[in-house]
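Dear colleague,

Please find below the structure that I am handing over to you, together with its sequence. My notes on it come after.

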Amino acid sequence: MAPKTRRRAVLTAGGIALLVIVADQVSKAWAQASLRVGHEITVIPGWLWFRLTSNSGASLGLLSGHNLLFTAVSALVVVAVAAIVLRGALGVLGAAALGAVAGGATSNLVDRVRLGSVTDFIEVHLWPTDFNLADAAIRLGVVVFVLTLLFDRRWRSRPDRERRATS
């Protein structure tokens, strides 16, 4: 990958990560200042509520009480994403997706270190657990990254198939 393209990928990932961290931390500060534990605020009747909770486990409350384990896992995810982005084999969309993952993991890591658990406050109908903007960024980033890998591989292999078909 050319240095200019690598630099653009790094700046994109870093910018998206920073945006996710700021948005998530600001939204969590608002939730902590405005919401009471155990009290629900309806945003869209039947679909969206705000309810302040904390989670010392993983998504869906799995392994609750293992904050130290998830602190280490979050740190490893951030390091792995940084290594992938710095390696430079990504386009801008892949870098943006990994920036969202790194930003979400970093923001939740900040909560785990500072508070001992992650602050959640968004509840959506038919979603099994409360979450926050960092969780949403991680999920969206993973989906976009996987789709980017699938479509990139598909497009790269197409000329090979066409060459073989004409040979």
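This is a predicted model: local features need pLDDT of at least 70, side-chain atom pairs count only at pLDDT 80 or more; totals for chains, interfaces and linings use all residues.

Residues are numbered from 1 along each chain as its sequence is written, and side-chain values use heavy atoms, with hydrogens and water left out.

Helices (H or I, at least four residues) and strands (E, at least two) are DSSP runs, numbered from the N terminus. Helix α1 has 32 residues. From its first C-alpha to its last, α1 reaches 46 Å, close to the 46 Å expected at 1.5 Å a residue; the expected span is 1.5 Å times one less than the number of residues. Buried residues (under 20% relative accessible area; exposed is over 50% and partly exposed in between, with a 1.4 Å probe and protein chains only) in α1 include A9, A17, D24 and K28.

Helix α2 (residues 67–87) has 21 residues and reaches 30 Å between its first and last C-alpha, close to the 30 Å expected. Its buried residues are N67, F70, T71, S74, V81 and V85. Viewed down the axis of α2, these buried residues fall within an arc of 110°, so they line one face of the helix; the arc is that of the directions from the helix axis to the C-beta atoms. The face turned away from the buried side of α2 carries the exposed residues L68, L76, V79, L86 and R87.

Aromatic pairs

There are four aromatic pairs in the structure. Rings of Phe, Tyr and Trp (its six-membered ring) pair if their centres lie within 6.5 Å; planes under 30 degrees apart count as stacked, over 60 as edge-to-face and the rest as tilted. One of the pairs is W30 with F50, which is edge-to-face, at 5.4 Å centre to centre and 70° between the planes. This pair links distant parts of the chain, with W30 in helix α1 (residues 3–34) and F50 in strand β2 (residues 48–55), 20 residues apart. W30 is partly exposed at 38% relative accessible area, whereas F50 is buried at 19%. The rings of W127 and F131 have their centres 6.4 Å apart and their planes at 70°, so this pair is edge-to-face. Here W127 is partly exposed at 40% and F131 is buried at 13%. Ring pairs also link W30, F50 and F121 into a cluster.

V142, V143, V146, L147, L150 and F151 make a nonpolar surface patch of about 500 Å². Patches are made of residues with over 30% relative accessible area and no salt bridge, like charges being joined within 9 Å and nonpolar side chains (Val, Leu, Ile, Met, Phe, Trp, Tyr) within 5 Å. A salt bridge is a side-chain nitrogen of Lys or Arg within 4 Å of a carboxyl oxygen of Asp or Glu. Accessible areas come from the Shrake-Rupley method with a 1.4 Å probe, and for residues only the protein chains shown count as cover.

L150 is found in helix α4 (residues 133–166) and is exposed, at 52% relative accessibility. L149 also lies in α4 and is partly exposed at 44%. L149 and L90 are 59 residues apart in sequence and 9.1 Å apart in space, C-alpha to C-alpha.

A loop residue

L126 is found in the loop between β3 (118–124) and α4. Its phi is near 70°, a positive value in a residue other than glycine. L126 is exposed, at 73% relative accessibility.

With kind regards
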